Amino acid sequence: MPASAPLPGIRLDRVGFAVAGNSILTGLGADLTEARIGILGRNGSGKTTLLRLLAGLVAPTEGRITVNGIDPATDRKAALSQIGILFQNPDHQIIFPTVEEELAFGLRQKGYSAPAARGLALQALATHGRTHWAAASVHSLSQGQRHFLCLLSVLIMGPQTILLDEPFSGLDLPTQTRLTRLLATLPQRLVTITHDPAMVEGYDRVLWLEDGRIHRDGPAADVVAAFRAEMSRLGLADADADHPV
């Protein structure tokens, strides 16, 4: 009997995560197959921890996560072709001194020769009209340009799913517009982690995290409307009073 094909999408199977007995995520369960998925919640809701679990940077302490049938925490090599992650701060992602080296690094990890990796890096820059960036120091780039470089570093790896961590944080409006336009054209599944409901309006599906649990899960219009209403209610009261210290 032939082996079954990998399951499409992201599966959260009773996922939990705790540190030193302190539970951060509890009982998360979902099958995420949509093209555009939002993870929405206030600071401290567990969004960043879930992002790290989805990327395979840490393993759940309970349950299991798979991305297209692959466990990203235990099969790191296979995860390279399945998952890309764009961090909120590009300086937490960039490693190498020049743009060309930064773009080639991931390809070298996948087994490409140095000349092949360099060629693909230059090709990616040419596609986006930035060939002149190749030899530039990453420190000479603006915040928005470094953010774009990180996105190119993700795209050059060809992942099927891209995780976006507050992707517009700290960017000016023209840069946000350019990135929005580019992201809208991507064929990959995008999972956007944010506290800003505007970021996930128009998405196919949104999960609202609250205190480490899925508080609501459904079409973006419904979940975003409910989230806005609750945030407005909290804003009229003492918004911090109900939140754990």
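Residues are numbered from 1 along each chain as its sequence is written, and side-chain values use heavy atoms, with hydrogens and water left out. Because the model is predicted, local features need pLDDT of at least 70 and side-chain atom pairs count only at pLDDT 80 or more, while totals for chains, interfaces and linings use all residues.

**Strand β3**

Helices (H or I, at least four residues) and strands (E, at least two) are DSSP runs, numbered from the N terminus. Buried means under 20% relative accessible area, exposed means over 50%, and partly exposed lies in between, with a 1.4 Å probe and protein chains only. Strand β3 spans residues 36-40, and five of its five residues are buried. Arg-36, Gly-38 and Leu-40 are on one side, Ile-37 and Ile-39 on the other, and both faces are covered.

Two strands pair if DSSP finds at least two bridges between them. β3 runs parallel to β7 (residues 189-194), with five bridges joining them. It also runs parallel to β8 (residues 205-210), through four bridges. Ile-39 has Ile-193 as its bridge partner in β7 and stands opposite Leu-207 in β8.

A nonpolar core is a set of buried Ala, Val, Leu, Ile, Met, Phe, Trp, Tyr and Cys residues joined through side-chain atoms within 4.5 Å. In soluble globular proteins, nonpolar side chains tend to be buried together. The largest core here has 43 residues, of which Val-99 and Leu-103 touch the most other members. Two or more residues each come from α3 (99-109), α4, α5, β6 (161-165), α6 (173-185), β8 and α7 (220-236). The element that gives the most is α5, with seven residues. Apart from this core lies another, of 25 residues, including Val-15, Leu-25, Leu-50 and Ile-65.

Which residues of α3 are buried? They are Val-99, Glu-100, Glu-102, Leu-103, Ala-104, Gly-106 and Leu-107. The buried residues of α3 pack against α4 and α5. Contact means heavy atoms within 4.5 Å. Leaving aside neighbours within four places in sequence, Leu-103 is in contact with Ala-121, Leu-125, Leu-149, Leu-152, Ser-153 and Ile-156. After α3 comes Gly-111, with a positive phi near 110 degrees.

**Aromatic pairs**

Rings of Phe, Tyr and Trp (its six-membered ring) pair if their centres lie within 6.5 Å; planes under 30 degrees apart count as stacked, over 60 as edge-to-face and the rest as tilted. By this rule there are three aromatic pairs, and two of them are listed below.

| Pair | Centre to centre | Angle between planes | Class |
|---|---|---|---|
| Phe-96 and Phe-105 | 5.1 Å | 45 degrees | tilted |
| Trp-208 and Phe-227 | 5.2 Å | 85 degrees | edge-to-face |

Trp-208 in strand β8 and Phe-227 in helix α7 are 19 residues apart, and their pair links distant parts of the chain. Both Trp-208 and Phe-227 are buried. Phe-96 is partly exposed, at 26% relative accessibility, and Phe-105 is partly exposed at 30%.

**Arg-130**

Arg-130 is found in the loop between α4 (114-127) and α5 (143-155). Lys and Arg count as positive and Asp and Glu as negative; His and the chain ends are not counted. A salt bridge is a side-chain nitrogen of Lys or Arg within 4 Å of a carboxyl oxygen of Asp or Glu. Arg-130 is buried yet has no salt bridge, and the nearest side chain of opposite charge, Asp-172, is 11 Å away. Not counting residues up to four places away in sequence, Arg-130 touches Leu-125 and Phe-148.
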